[in-house]
Each structure stands twice: as C-alpha cells, then as structure tokens.
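Here are my notes on this model. Please read them with the structure open.

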Amino acid sequence: MKQVVGMVVSNKMQKSVVVAVDRLFHHKLYNRYVKRTSKFMAHDEHDQCNIGDRVRLDPSRPLSKNKRWVVAEILKKARIYQPPSPPSKTATQTPSST
C-alpha cells in the first residue's frame with residue numbers, strides 16, 4: 001500500500017481521526033472522469049488533527065478493527081473561525097453625571 005493524502009472529517013475519538021480521500025478515475029463507457037471518496041480511520045497519536053486539516057497517511061499494521069493507517073504529517077491546518085471578543089464593559093462605560 002502507498003501513502004495517501006486526504007481531509008480530516010471527524011476527530012471525535014481519542015487518538016483517532018476519520019480521513020476522506022478523493023480519487024479520480026476514467027470511466028470507459030461514459031468517457032468522463034469520476035470522483036470517488038473513501039473514508040479511512042487513522043491513528044493520531046498526539047491528537048493534533050482538527051476537522052478540515054489536510055493530512056498524509058502512512059499504512060501500518062492493524063491497530064484495531066478498522067484502523068490500518070497512521071497520520072504521518074499534517075500538510076495544512078484548517079482555518080478555524082473565532083469570533084472577535086466583545087470589548088470589556090469597564091472600558092466602554094463612561095461615568096454618568098447624575
């Protein structure tokens with residue numbers, strides 16, 4: 001087996017992630033390229049992967065019933081939206097003259 005590159009779609013497990021790997025192949029009858037997606041469970045030793053990260057997987061010995069891949073490296077981290085923090089109330093309030 002060879003290395004594959006995919007996108008993390010789930011990281012809700014401890015030390016495990018689900019990676020979706022896309023592949024294109026030529027359909028002989030339709031004479032078109034068709035995209036297929038495979039989902040692989042992979043071992044993430046340090047729990048560094050987040051949803052949307054682009055990762056490279058290496059094959060390994062069976063680690064569990066479904067895990068046969070190990071996250072070799074994170075190629076690109078996902079941009080996670082963080083809303084701006086609201087300004088503190090003490091700095092925005094002006095003293096009232098009553």
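1. Contact here means heavy atoms within 4.5 Å. By that cut-off, and not counting residues up to four places away in sequence, Ser16 touches Asn11, Ala42, Asp44, Asp47 and Lys67. Bear in mind that this is a predicted model.

2. Stay with Ser16. This residue lies in strand E2. Is Ser16 buried or exposed? The cut-off for buried is under 20% relative accessible area. Ser16 has 7% relative accessibility, so the residue counts as buried. The side chain of Ser16 also makes a polar contact of 2.8 Å with the side chain of Lys67.

3. Now the fold. Five strands form a closed barrel in the order E1-E2-E3-E5-E4. The pairing is mixed. On average, neighbouring strands of this sheet are turned by 50° against each other, direction ignored.

4. Look at one pair in that barrel. E1 and E2 run antiparallel and are joined by four bridges. Ser10 has Val18 in E2 as its bridge partner.

5. Next, the interior. Nonpolar side chains tend to be buried together in soluble globular proteins. Here the largest nonpolar core has 11 residues, including Val4, Val21, Ala42, Cys49, Leu57 and Trp69. Strands E1 (4–13), E2 (16–27), E4 (54–59) and E5 (67–76) are the elements that give two or more residues to this core. Which element gives the most? E2 does, with three residues.

6. Finally, Val21, a member of that core. Leaving aside neighbours within four places in sequence, Val21 is in contact with Val4, Val5, Gly6, Arg36, Thr37, Ser38 and Phe40.

Methods:
Residues numbered from 1 in each chain as written. Predicted model: local features only at pLDDT ≥ 70, side-chain atom pairs only at ≥ 80, totals over all residues. Heavy atoms only, no water. Core = buried A, V, L, I, M, F, W, Y, C linked by side-chain atoms within 4.5 Å. Buried < 20%, exposed > 50% of the residue type's maximum accessible area, 1.4 Å probe, protein only. Pairing = 2+ DSSP bridges. Axes fitted to C-alpha atoms, helices over the stretch in contact; angles between N-to-C directions. Polar contact = N/O pair within 3.5 Å; in protein donor to acceptor, adjacent residues only side chain to side chain.
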